[in-house]
Amino acid sequence: MSPISHEQAASRVAALVDEINRHRRAYYESNTVLISDANYDALMHELEALEREFPDLVTGDSPTQTVGGAATQTFSPVQHLERMMSLDNVFNEEELAAWVERVGGEAAGPFLCELKIDGLAINLRYEKGILVSAATRGDGAVGEDVTENVLTIRSIPRKLAGQNHPEVVEVRGEIFFGLADFAKLNEGLVSEGKAPFANPRNSASGSLRQKDSKVTASRPLRMLVHGVGAWPDAPVENQSDLYSLLANWGLPTSNRVRVLATMNEVNGYITEFSAKRHSLEHEIDGVVVKVDSLATQKELGFTSRAPRWAIAYKYPPEQVNTKLLDIKVSIGRTGRATPYAVVEPVKVAGSVVEFATLHNQEVVKAKGVKIGDTIVLRKAGDIIPEIMGPVIELRDGTERDFVMPAVCPDCGASLRPAQEADVDLRCTNAKSCPAQLRERIAYIGSRGVLDIEALGYVAATALTQPIEPAEAPVRTEADLFDLTLHDLLPIKTLVLDADTGLPKLEDSGEPKVVEFFKKKDGTPAKVATELLKNLEEVKTRPLWRFLVALSIRHVGPVAARALVNRFGSLAAIFEASEAELAEVEGVGPTLATSLRDWHAVDWHREILERWKAAGVVLEVADFVAPTEATDGVFAGKSIVVTGSLQNFTREQAEEAIIGRGGKASSSVSKNTAFVVAGAAAGSKLTKAETLGVEVIDEAEFQRRLATN
């Protein structure tokens, strides 16, 4: 019997999906890291374990079903010819040995080993040897078009050397900053009075995603190749042969790649570069081990997000001791109360650390730390710090326990779990809590939502922070699209320190306050006019973005797209029953309940009414419901698509079903006509086999499509 009930599991899965997706948005879309690699991996492993035990809790927006982040409005979207996958991780020799057994033991070798560069994944598409596009990974299926910027990187050839190039090939690699170049870049930024980048990975991502390619050209970005995407008839047998061919074409490949026959040799390679990692010209966070044979790779295939034939061995992070000065609590956009540690500043992995996340009160308790402790701090992945635990031997009796507050530190409302089984506490004042409102408004302006350039975190703070005698012009999201210059000009806001996020102080010790939206002469500042202009421009953004902008728990881009494709307007979505919502691919009962609960709140409905009155387009023009098709080869049939297909995205397969009169369902039942099972088909395939539902492969699916 499971030690956790289904209700408890559902609550924990929902919280994990929400938290992991928040960190992924920060990492892939904002070039920001909010959590350590180790903690992120732990959250993913916990989610994977719960989804294995309770497969009905898997939803379309789960990070176990998707890759990376989302393409933004800043760059045009690019559809990859073949999905860009992520990598699964191992952290010790035992886990690596288990992976080797899963791929067939040492008989699956030899194994190709290469360094895992901590940079930005890139996809280069060459047609007949000419570079025609370059795109970021995005969500794995669609990335951002950064071709113009990539053309400024000297190590990437516009035209491949040699002859007889394929009609089309996708070359995958990692764009990065060398450590010396990174240090020089930061020195230049500091000398110009600008904020330095936090780490080389962020600097590479930020440099590549510049609107002005001249800025990218001024920064010495580099690239190393680590594989290919679409190339159906590659004339080689092994990954190592592939690298040699790419090198002959003039593409940058690593001279540290080795092909090794035994696991003793692989472990030796891992140990060697663990010792050398700080003397390399670029940052690494581990080693990637791949089955060298392309035929064996093809046989092993993929899960929904990663190849089975490759694994990333992550190195342990560096550790230091420091003092835990205090534990404070921050409030997120959904009201979640998150404790964080304030530590005595200490240098670790090349940077000074002052704060560390603690997730929730149960984590604080589990780590056994007290305020005043000397603690072990590590920077997992050399990026974000985490507290490992206390050095108990150094306690002197002055340490004190952390007590989770009963009320919100920002508004004074009570902190309670959203459901009885929840570990996390949430502020109950969703409408008026300054912290929640600030975070929600900043979220609306973020790249993955409405992508409003002038609505950054500082602007969101100014709009939602009342400083007497003026009131905040944005009291709920409903006010956002009604803003005028008259509303903006009187606004005053606290000046925050860029390093700590805390208010800067005047000489008197009082917080420093400025008039944010107007100049000293009383005329509007550029940010004011740009904000109003941006708000007008985004009113016609794709409808799914506005659904995401409502900050409804569990509703991410994947589920939002599916809902909009099915119903065509926000009004229709909120008028639908929970059963109708749950039938949509990527939604399910948990998310359906969340949608209905959100809409039941009066002030939530006011947001929709006010946005619509302000001219926001909340419906798809000329929408035709996909369920209206009544004829075709699949007429009246409920069909489920699961796993990864070679020639269709999930959306394309479902559109093909709907276009032929069928219903694309997200769950298998006795009424399911058949299941289309691709690679890494999981619980839905198992349920179909249990119920005796017909299962077909992609080839048979294509044959049936052709009969229409």
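Predicted model: local features only at pLDDT ≥ 70, side-chain atom pairs only at ≥ 80, totals over all residues.
How are α3 and α9 oriented to each other: oblique, roughly parallel or roughly perpendicular? Residues are numbered from 1 along each chain as its sequence is written, and side-chain values use heavy atoms, with hydrogens and water left out.

1. **Two crossing helices.** Helix α3 covers residues 93-102 and helix α9 covers residues 263-276; their axes come within 12 Å and cross at roughly 140°. Helices here are DSSP runs of H or I with at least four residues, strands are runs of E with at least two, and both are numbered from the N terminus. The axes are lines fitted to C-alpha atoms, for helices over the stretch in contact, with angles from 0 to 180 degrees between N-to-C directions. The two helices are therefore oblique to each other; angles under 35 degrees count as roughly parallel, over 145 as roughly antiparallel, 65 to 115 as roughly perpendicular and the rest as oblique. The crossing of α3 and α9 is right-handed, the term for a near helix turned clockwise from the far one by less than a right angle. From α3, Glu93, Leu96 and Val100 meet Met263, Val266, Asn267 and Ile270 of α9; contact means heavy atoms within 4.5 Å.

2. Please look at the bond between glycine 109 and proline 110, which is cis with omega about 5°. Proline 110 sits in the loop between α3 and β3 (111-117).

3. **Lysine 290 and its partner.** Proline 110 turns up again among the contacts of lysine 290, which also include Phe111, Glu114, His226 and Trp309. Lysine 290 belongs to strand β10 (residues 284-291). With 6% relative accessibility, lysine 290 counts as buried; buried means under 20% relative accessible area, exposed over 50%, and partly exposed in between, using a 1.4 Å probe and protein chains only. The side chains of lysine 290 and glutamate 114 form a polar contact of 2.7 Å. A polar contact is a pair of N or O atoms within 3.5 Å; within protein, one must be able to donate a hydrogen and the other to accept it, and residues adjacent in sequence count only if both atoms are side-chain atoms. Aspartate 285 is also found in strand β10, and aspartate 285 is buried at 4% relative accessible area.

4. Among the contacts of leucine 563 are Leu547, Ile573, Val584 and Leu595.

5. Leucine 160 lies in the loop between α4 (147-150) and β7 (169-176), and counts as buried at 3% relative accessibility.

6. **Two buried serines.** Serine 569 is in the loop between α17 (557-567) and α18 (570-575), buried with 12% relative accessible area. A polar atom of the serine 569 side chain lies 3.0 Å from the backbone nitrogen of alanine 572. Leu543, Leu618 and Glu619 are in contact with serine 569, leaving aside neighbours within four places in sequence. Serine 594, in helix α20 (residues 588-599), is buried at 13% relative accessibility. The side chain of serine 594 reaches the backbone oxygen of arginine 553 at 2.8 Å.

7. **Two positive phi angles.** Lysine 128, a residue other than glycine, has a positive phi near 55°. Lysine 128 lies in the loop between β4 (120-127) and β5 (130-136) and is exposed, with 57% relative accessible area. Aspartate 451 has a positive phi of about 55° although it is not a glycine. This aspartate 451 is in the loop between α12 (434-445) and α13 (457-464), but aspartate 451 is buried at 13%.
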